[in-house]
Structures are given as structure tokens and as C-alpha cells.
Amino acid sequence: METINFAITLGASTTNNVYPTVEILLNDKTQVKATEIVTSKTISFNLDLEEKQNYKLIIIRGNHSNRGQQILSIKKLEADGINLNKFLDHVYCYPEYPRQWHEQQIKAGKFWPDKQKGWRDLGFNGKWIIEFGTPFYTWLLKNT
Amino acid sequence: MDPKKKYQLFKKHKHFCTAPWNLLYVGMDGTVKTCTHGSTMGQLQEHDIAEILSNKAFKSLRQEILEDNITNNCRSCLKRENISSAGNFTGIRNHYNGLGVHSSVNYTDVSKFELSALDLHWSSICDLKCVTCWAGQSSSIAREQNKPVNHTPTKVANRIIDFVTANQGGLKEIYLSGGEPTLIKYNLKLLKQIKKRPDLIIRVNTNMQWDQDNKIVQEILKFPNVLFTCSIDGTGEKFEYIRRGANWNKTLSNIKFLQSQPNVDIRANTVFFVLTAQQLPEIIDYFMEEIGSVDHTINPCGMGQYHLRCRNLSNEIKSLVRKNLNNTFEKYKHNLNIAGNLKNCLLELDNEGSSNEYMKYFDDIDILQGSDWRKLYPELT
């Protein structure tokens, strides 16, 4: 068992005073309950990780009303104080495109894939999935 | 070892290098060094391999590295990476650290060694007499000059082969150099005993003059992951002048042969000296763009041939070379190896020239072999 401290700094902007929320899960277990991000916030939490496992750290972004513009950005990702921003370029984001908008885009011949690599800004609801393994520092050494 | 400690060594220490824990470097006469830039740590004619790899010199060096000190052993390698301004260019240390990431050795234990990489130069047998080379590294030059040929004794070579065969489980890279590795029989004996694993890369530094049915080449090609580094110091007649005894058409034919092998990548290396300075950008472009080379290394002129260094070119030619190299640097600035090497070439040009002895050197070669360097390089005379 190893304990790793994660810190995720998020930024938000909105045109209608409705701010995005963020919930953080490790695999299917909630680590941080849905919390509103007003302008900017750093969420810090510890993860207890078992040996030789693969994990998914899931950042769920919600509260987009499909009215007005609302952007949520990952500004910084840290593990035990180590900056992992470069690794975010390899992380997939899974946007939930608004149905009506998505259909219009398809009709206009614009294809939007189910997952987007390296997106740090998300204007829809959706989630980021950060996959990693343990021992965490061995994974970190091999992947960053 | 503790993964966090390992991460800190690799990522937080400024001078950490895994080579003393993972690399077996064997020189021409059976000397063991830490790496190509490092010092001699023992002589295999006098001591066992295991004994050398855990001797006082190795332990002391590992301890210094753990303390993040710059040692005399590592100074020239670290200097090379520090004087370059090509971004994150980190030289050979980074190469070995990349292999060390996968090693299970405990780097905090200064007495430990676990074989991950092998750098074999164990003979100077070579069929060429390149103008940048010397008797110590080419048996053909040694014979021409009536000097002894450097060659690891068979008894010692067999001990090395036994050691590597027994410890091949964690091996990630075998680097065969020389001399000319396709002429060194020990390589065949060794490679026959090495499992053909996809996670093991065979790197070969060759003069490209081998026959395609050469047994060592054929054995190398049985490995799933092979990288041939072709020594190229020019094209056509200039290539043949510099690499005395070589044939350009044979080189091209062998390059085509290697291009047809699905398990082979090709790269090239060129020595930066008075005869290559002007053609260097063209050579790099030819290999990178037409041959499909994965990389290109430009080596400084060494082996005692200091009169051949580019600092000795005329100011007029230096200025022209500098301009061309700056353009080439710009073109390859995202290739850290090429960019770093070019930066070092540019730094060489900044030195004051001290001699035009290279003219007499080439005149003497012309007398030996009936060639005419002045006709090939009129601008240098």
C-alpha cells in the first residue's frame, strides 16, 4: 500500500453565473464529492493505492446547463508535489456533446470523436480519465 | 529498490547515470571502462569480470554518483551535454538512464551490478584505414605503421561471452563496435548464444563494407530489433578518399539491403573534421531525407588527430561552414541529438586554429596510396 497526494488546480469561467462542478473518482469510488468551481480552486486529496494495480482517476465535470458558455480547465496536475502537466497531453477527455448541437455538427459534416486527447479545457459536461499503475513511482518513471 | 527513491535519483539528481550499475564496456584489449567516455576500471586479462564490476574504483564512483557529484570519470560526458544549447539535449547518460528505468538493480547499493547494456569494442580488426582513425582502433593502420594490433585475447573473450550469456536476462542493448564488428569473430560466438528477444536491441556501428552473406551480419539480422549505424564521411569519391579502402557503391548496395530488412533501422554517423565540414549538411540531409535514417550523430575529431579539427580551417571557410551549419541546426532543432551535435560543431569552429599540418598529413597519405586530395578538395589547399 502506498499513499500519494494529488492536487488538481481547476479554473472556471461562465457567462451566466452558473459554475461547473467537479467530482473525482478512483475507479468507481468517489474520492472528492461534486464541488462547484468558482473561478479557480485547487482540490487536494490522498489516494491509498494497492501494489501492482492499474487505476483510473476520473474527473467528472458537470453542471453545464447547455445555456450560455461555461469552460472548465485543468490548470495544474500534481502528485506528491511533482508537476504532471506534460502528462496531461496524453490524457483522454470524454465530452458529452449536447445532443442537438452534436446532431447539427454531424449534419454540417463535422465529426467530433468520442474522446479527445490532450484537451485541458472542456466547454461541455464530460470527464477526464487519467490511467496509471502501481508502484506509482515506477509508473511515473516509465511514463513521464 | 524503493520506487520513490529510484524516481528521485533519475529525475531529481542532476548527474545521475546508471551506466556503472548496468553497462559492461569492453575496450580493444579487454579493458573494462564505465562507458565510452569513462575511465578504465580494470583489466580482464588480470581480473574476473565480477571482481572488476564490484572493485573499489566502481564502488567509489557509484557512491559519488549517488551523492550527485561530478566525478573525473563523468566530467567530459557531462561537459558535452552542458555546453550544448540545444534544449534538453542530454547525451549518452540519458540513453543509459532510459534503459535503467527497466532495471531491477538497487541503485543505492554501490556493490551491485546488473547487466542491462553491453558496449563491445573488443578488437581493432578493421579492413579500412580511415584518415580520421589511428593504429589503436584499426588493425589495417596498425599493420601499415608496423604497430601492434589491439585484440582481446581469446581466453578473455570467452570469459566475457560466458558472463554475458549467463546474465542475459535483463539485457536490453548490445552495442557492437570496433574495429569493424562484422569482422570480429567473437561477435558471432556471442550472438549465437543470445536469445532473439524483441525487447533487446542490437546496435551495430559499421563501416558498411561487409558482404551480404557475412555470418555475423546474418546472425545480427536474426534479432527482431536491430539498429545499424553507418559510418559515412562523404559521398562518392570523397567517401572513398576519407574511408581508405572503402567502396561507395558497396555502401549504397548494403544500405539498400538493410532497407529491405523489416527488423532494421538505419542511422548514420559522420566525423566533423576538415574534409567533412563543408559537406556535412548535405550528408545529414541525404541520410535523413533520402535513406530514411532515424538519426544522425556527428562525432568530434579525436583519436589523436587534432590537426584535422575544423578549428584549423581558414577563416573564410569557417565562416561559410558556420553559416551552413546554422541553417542545418535550424532545420533539425527538434532532433535533440542532431541539434546538440551541430551545436558542438559550431563551438569547435569558434576555436583559434593552431596548425595547417593537415595538408602534410594528406600529402603523406597520397604518397602512400597514389591519391590526390588536393584535386578533391581544391578549396583547402
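Predicted model: local features only at pLDDT ≥ 70, side-chain atom pairs only at ≥ 80, totals over all residues.
**View 1. Chain A as a whole.** The C-alpha atoms occupy a box of roughly 50 × 30 × 25 Å along the principal axes. The radius of gyration of chain A is 16 Å. A compact globule of 144 residues would come near 15 Å, so the two values agree. Of the 144 residues in chain A, 22% are buried.

**View 2. The elements of chain A.** DSSP runs give 2 helices and 11 strands. Read from the N terminus, the order is β-β-β-β-β-β-β-β-α-β-β-β-α. Contacts in chain A reach along the sequence: among those between residues at least 6 apart, 75% join residues at least 24 apart.

**View 3. The open sheet of chain A.** This sheet has 6 strands. Their order is β3-β2-β5-β11-β8-β9, and the pairing is antiparallel. The edges belong to β3 (29-36) and β9 (116-117) of chain A. Each edge strand has a single partner, so one side of each is left without a neighbour in the sheet. Strands of a sheet pair through backbone hydrogen bonds, either parallel or antiparallel.

**View 4. Strands β2 and β3 of chain A.** Strand β2 covers residues 21-26. It is joined to β3(A) by 5 bridges, and the two strands run antiparallel.

Key:
Residues numbered from 1 in each chain as written. Chains lettered and ligands numbered in written order. Pairing = 2+ DSSP bridges. Helix = DSSP H or I, 4+ residues; strand = E, 2+ residues; numbered from the N terminus. Rg over C-alpha atoms; globule rule 2.2 N^0.38 Å. Buried ≥ 20, exposed ≤ 12 C-beta atoms within 10 Å, placed from the backbone. Contact = placed C-beta atoms within 7 Å.
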